[in-house]
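Thanks, everyone, for making the time this morning. Let us look at the model together, and then I will take you through how its parts meet.

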There are 2 protein chains.
Amino acid sequence: MSGFAQLDPLLHSQLRLAVMSLLISVDSAEFVFIKEKTGATAGNLSVQLDKLSNAGYISVTKSFKGKKPVTTCSITKVGIKAFEKYVNNLRGYIE
Amino acid sequence: MSGFAQLDPLLHSQLRLAVMSLLISVDSAEFVFIKEKTGATAGNLSVQLDKLSNAGYISVTKSFKGKKPVTTCSITKVGIKAFEKYVNNLRGYIE
DNA sequence: AATATTTGGTTTATATTATAAACTAATTTA
DNA sequence: TAAATTAGTTTATAATATAAACCAAATATT
């Protein structure tokens, strides 16, 4: 019953957790916005978004705003579930 | 004001966090006990205890119980501070 | 009494991660 | 038209987590 639950390694990462935290409270967010909010470098963010996307935790769509490429992200249902579970498991560690 | 606080990388690790979580609620704990509670392998635990110890977050004393070696750990004041700060910073991500 | 096993670890090697640096391609701006 | 900016991706490197291999002493087995 007691003991420490396994923390989803995909979410137990500062940057990916920040991304998910941000996305869970908005409908969608653009790459540049996420970059600014999290303070991440573009390279790192690009890599971490890929991982979240590959896991099905977020969906990423590429389009154009005028002539500029825009990468838009939103959290998926699976992502929300995973985030909530992670948070619950984490509570076992910190309260 | 807003934005995501930096999470102490020493604490943002599943095993080290579990160790700290455990130690913060007891006076002291022995290696074997921590190993059982966290489900860690001895090797991994040994490494992570070293890191926490080197950071001054825990103190580690080696002695003998009868003829068997015993490694006893307890959290330090610095460790308590760091843990509390980590938890507060983390709240910015999960609530 | 020798040998095998268990206990309580540490050290070392490896796989995974996080991160930054370098790069690409198109677009403004000077 | 050259320089700088934007919006990213790819690649290289440093840091981490983890397990496997090892060690010494104690205890149990035959």
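Residues are numbered from 1 along each chain as its sequence is written, while chains are lettered from A and ligands numbered from 1 in the order in which they are written. This is a predicted model, in which local features need pLDDT of at least 70 and side-chain atom pairs count only at pLDDT 80 or more, whereas totals for chains, interfaces and linings use all residues.

How are chain A and chain B related? A rotation of 180° with 0.0 Å of shift along its axis places chain B on chain A with an RMSD of 0.0 Å, superposed by least squares on the C-alpha atoms of residues with pLDDT of at least 70 in both. That is the relation of a two-fold axis, and in chain B the C-alpha nearest this axis belongs to H12(B), at 3.8 Å.

Where the chains touch, 15 residues of chain B are in contact with 15 residues of chain A, contact meaning that the C-beta atoms, placed from the backbone, lie within 7 Å. Because 100% of the interface residues of chain B are also interface residues in chain A, the copies meet through the same surface.

Finally, 22 residues surround DNA strand C, and the closest are S13(A), G43(A), G43(B), S46(B) and T71(B); a residue is near a strand if its C-beta atom, placed from the backbone, lies within 6 Å of it.

Notes
Contact = placed C-beta atoms within 7 Å.
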